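These are my notebook entries on one protein model. I set down what I looked up, entry by entry.

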Amino acid sequence: MNNILFVSSEAVPYIKTGGLADVVGSLPRYIDSKEYDVRVIIPKYVCMDSSFLSELKFVCHFYVDLNWRKQYAGIFEAKHRGITYYLVDNEFYFNGPSPYNNIYEDVEKFAFFCKAVLLALPYLDFCPDVIHCNDWQTGLLPVFLHTSFGSDNFYANIKTVFSIHNIKFQGRWRIKEIMDITGLPAHIFNASELEAYGEANYLKGGCVYADMITTVSPSYAHDITTPEGGEGLDGLMYARRDRLHGILNGLDYREYDPSSDPFIAHHFTVKDVVGKKLQNKRELQKANGMGQDDDAFLIGIVSRMTDQKGFDLVAYIMEEMLSTMNVQFAVLGTGESRYENMFHYFQNKYPDKVHAHIGYSEDRAHQIYASCDAFLMPSLFEPCGLSQLIAMRYGTIPIVRETGGLKDTVIPYNEYEHTGSGFSFRNYNAHDMLHVIQYAKSIYDDDRDSWNQMMQQDMQLDFSWEASAREYEKLYDSLIGLKGEDSGM
């Protein structure tokens with residue numbers, strides 16, 4: 001039995017701010033439990049879902065030395081869907097209304113968390129063969145492992161995987177303060193290790209010291225080795241490309257199942273998707289006060305409203321689409337006020353064509369996925385993306401920009417061969433996006449049989465975690481085979 005420990009700043013069902021929590025809450029359950037003992041450790045935030053507190057069992061406590069500081073750490077344990085979760089308790093660091101605060105607070109909080117995780121292992125009588133770190137909040141763990149814990153036999157054979165879910169967020173702060181917080185030796189704060197552009201960089205530290213690096217799609221693994229996608233770390237990523245693997249995120253098919261989804265009015269399968277999806281479309285139009293029009297091309301959007309997600313492109317052509325095309329938009333999300341206000345404006349101007357719910361609601365999201373004809377994701381960059389996978393699961397045709405995971409998962413429609421799973425455009429240009437929306441609508445209007453066939457084909461695609469889990473298992477096995485060798489720095 002091989003031991004794997006996932007380390008993350010969040011995981012469902014305990015705490016979630018984004019897709020990272022979904023990945024860490026899902027992937028461990030798909031790793032072969034006959035071959036691997038997979039456990040997860042996260043912070044015990046005061047703001048976490050309080051309904052789980054009664055399930056937590058106190059295990060132990062100890063103290064963490066952060067340079068001149070000595071901080072309490074308590075460890076709690078829980079079981080969820082067969083997976084053991086550990087939660088690190090310290091109310092000084094993990095207090096407050098949200099998991100993340102100001103960066104100058106978070107760099108100390110997660111330095112503590114990384115060191116506490118390593119110190120906890122002997123108390124838990126659990127020595128991982130592989131520690132799987134996720135994003136910058138866990139970037140110092142491989143650094144501490146090789147420096148502060150390097151001479152301890154307990155830790156000698158532990159290997160590390162570092163997963164980048166979004167390279168834009170790197171955990172950067174002033175070198176002097178990070179040295180004071182961590183007590184790490186001054187000589188590692190150089191351009192080859194922890195320093196980048198005059199600052200200490202947690203994500204860079206994780207990538208330099210980890211034995212293997214993964215990202216959440218093959219195309220994103222390539223993108224981050226380029227100046228356009230590397231966010232200043234493209235040189236490092238290119239240099240470490242032999243240890244860089246792109247493995248697609250999966251989708252939990254038990255949660256997203258149109259045949260039993262509790263949030264949608266009419267359940268459906270591949271066999272009856274055409275008729276039942278139309279019934280859901282009518283329900284959504286009615287519930288949102290939109291025009292009752294079966295032929296309207298209903299486009300869904302569930303997203304953070306930011307430039308990264310392509311909302312500047314949407315803003316540029318929204319008026320043109322609404323004034324010249326028989327389209328409707330069902331929108332769900334929050335973000336920059338200018339985009340929230342834009343959708344309010346168009347909803348007031350075109351109440352039959354636009355409904356925007358500013359906020360997030362799980363039931364509304366599922367209803368959009370199940371009811372719309374198409375789903376729009378024109379992202380500037382997208383490490384993996386789950387929304388396009390959910391849309392296809394529900395027979396909603398994705399319209400995407402060819403970047404990162406969107407490029408890997410959506411095959412452009414070919415009207416001559418009747419192949420493909422959606423529609424895509426390459427250049428980050430508003431009218432390129434408009435033209436592909438118009439093309440998709442023309443297929444919907446004039447070749448409904450081909451459209452319906454694509455819906456059915458999309459529903460049968462397999463983007464479950466099963467295939468991705470097998471790739472991670474191969475990666476873990478390759479590292480476990482290197483035990484006793486220095487495969488990192």
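In which loop does aspartate 135 lie? I located aspartate 135 in the loop between β6 and α3 (140–146). Helices here are DSSP runs of H or I with at least four residues, strands are runs of E with at least two, and both are numbered from the N terminus.

Entry 1, basis. I noted that this is a predicted model, in which local features need pLDDT of at least 70 and side-chain atom pairs count only at pLDDT 80 or more, while totals for chains, interfaces and linings use all residues. Residues are numbered from 1 along each chain as its sequence is written, and side-chain values use heavy atoms, with hydrogens and water left out.

Aspartate 135 is buried, with a relative accessible area of 10%; buried means under 20%, exposed over 50% and partly exposed in between, with a 1.4 Å probe and protein chains only. Glutamate 231 also has a positive phi, near 50°. I placed glutamate 231 in the loop between α6 (218–223) and α7 (234–239), and at 33% relative accessibility it counts as partly exposed. I then recorded a cis peptide bond from valine 12 to proline 13, with omega near 15°. Proline 13 belongs to the loop between β1 and α1.

I traced an open sheet in the order β3-β4-β5-β2-β1-β6-β7-β11-β12, with mixed pairing; two strands pair if DSSP finds at least two bridges between them. β3 (57–66) and β12 (244–246) are the edge strands, and each pairs on one side only. On average, neighbouring strands of this sheet are turned by 25° against each other, direction ignored. Four bridges pair β7 (residues 159–164) with β11 (residues 212–215) in the parallel sense, and phenylalanine 162 stands opposite isoleucine 213 in β11. Helix α1 (residues 19–30) packs on the sheet and touches β1 (2–7), β2 (36–43), β5 (83–89) and β6 (130–134); contact means heavy atoms within 4.5 Å. The direction of α1 makes about 140° with that of β5. Axes are lines fitted to C-alpha atoms, for helices over the stretch in contact, and angles run from 0 to 180 degrees between N-to-C directions.

I read a second open sheet in the order β15-β14-β13-β16-β17-β18, with parallel pairing. β15 (354–358) and β18 (423–425) stand at the edges with a single partner strand each, so one side of each is left without a neighbour in the sheet. The parallel strands β14 (residues 327–333) and β15 are joined by five bridges, and phenylalanine 329 stands opposite valine 354 in β15. Helix α9 (residues 311–324) lies across β13 (297–302), β14, β15, β16 (374–377) and β18, at about 150° to β14.

How are α8 and α15 oriented to each other? Helix α8 (residues 273–287) packs against α15 at an angle of about 95°, with the axes 10 Å apart. The two helices are therefore roughly perpendicular, a term for 65 to 115 degrees; under 35 counts as roughly parallel, over 145 as roughly antiparallel and the rest as oblique. I listed Val273, Val274 and Lys277 of α8 and Asn452, Met455, Gln456 and Met459 of α15 as making the contact. Asparagine 452 is buried, with a relative accessible area of 16%.
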